[in-house]
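Let us take a friendly walk through a fold, one piece at a time. Have the picture open beside you as you read.

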Amino acid sequence: MTDLHTETFGVGGATAVLVHGSFGWGTKTFPEQRALGDDHKIVLVDRRGFGGSKSKRSDGWPTDMRDIARVLDDLGPAHLVGQSYGAVVVLLAAGLRPERVLSLTAIEPPAFDLARGDPDADATAAALRPVLD
């Protein structure tokens, strides 16, 4: 596996890889999901610079998406789950390794910058800006 710190719960059933957002790490973000290890293999990933992963130079999501794609290469087909910034990472990693993704769950992805220039995305971002500011 990559040099990312991971924690695995369970050994049977399908594998699910869970990726945290900007504030936290695997076990902090997904404590309740560890119980899913009773029926599945749950892999909690600490992105670079978080939790138990070594702080390494990263250019943000381009590095993170390649890291998660490598996790999929090592584990084989898996369900991908990402929260906040981690949701953006799993969306992009799924694009790199679609054949390894059993399902994809993106929880609250802050993805408006990725879609900048698309008229619908720009209109949605403009409408949300007063609410979020």
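Which residue in strand 5 is the bridge partner of valine 81? That partner is threonine 105. Helices and strands here are DSSP runs numbered from the N terminus, with at least four residues (H or I) for a helix and at least two (E) for a strand.

A word on the background. This is a predicted model, where local features need pLDDT of at least 70, side-chain atom pairs count only at pLDDT 80 or more, and totals for chains, interfaces and linings use all residues. Residues are numbered from 1 along each chain as its sequence is written, and side-chain values use heavy atoms, leaving out hydrogens and water.

Five strands form an open sheet in the order 1-3-2-4-5, with mixed pairing; two strands pair if DSSP finds at least two bridges between them. Strand 1 (5–9) and strand 5 (101–107) are at the edges with a single partner strand each, so one side of each has no neighbour in the sheet. On average, neighbouring strands are turned by 20° against each other, direction ignored. Two of the pairings are set out here:

| Strands | Sense | Bridges |
|---|---|---|
| Strand 1 and strand 3 (residues 41–46) | antiparallel | 5 bridges |
| Strand 4 and strand 5 | parallel | 6 bridges |

The chain goes from strand 4 through helix 3 to strand 5 in a right-handed β-α-β crossover (with the strands pointing away from the viewer, the path from the first strand over the helix to the second runs clockwise).

**The helices**

Helix 2 (residues 61–75) lies across strand 2 (15–19), strand 3, strand 4 (78–83) and strand 5, at about 165° to strand 2. Axes are lines fitted to C-alpha atoms, for helices over the stretch in contact, and angles run from 0 to 180 degrees between N-to-C directions. Helix 3 (residues 85–96) also packs on the sheet, touching strand 2, strand 4 and strand 5, where contact means heavy atoms within 4.5 Å.

How do the two helices meet? The axes of helix 2 and helix 3 come within 8 Å and cross at roughly 60°. That makes helix 2 oblique to helix 3 (angles under 35 degrees count as roughly parallel, over 145 as roughly antiparallel, 65 to 115 as roughly perpendicular and the rest as oblique). Among the residues making this contact are Trp61 and Met65 of helix 2 and Tyr85 and Leu92 of helix 3.
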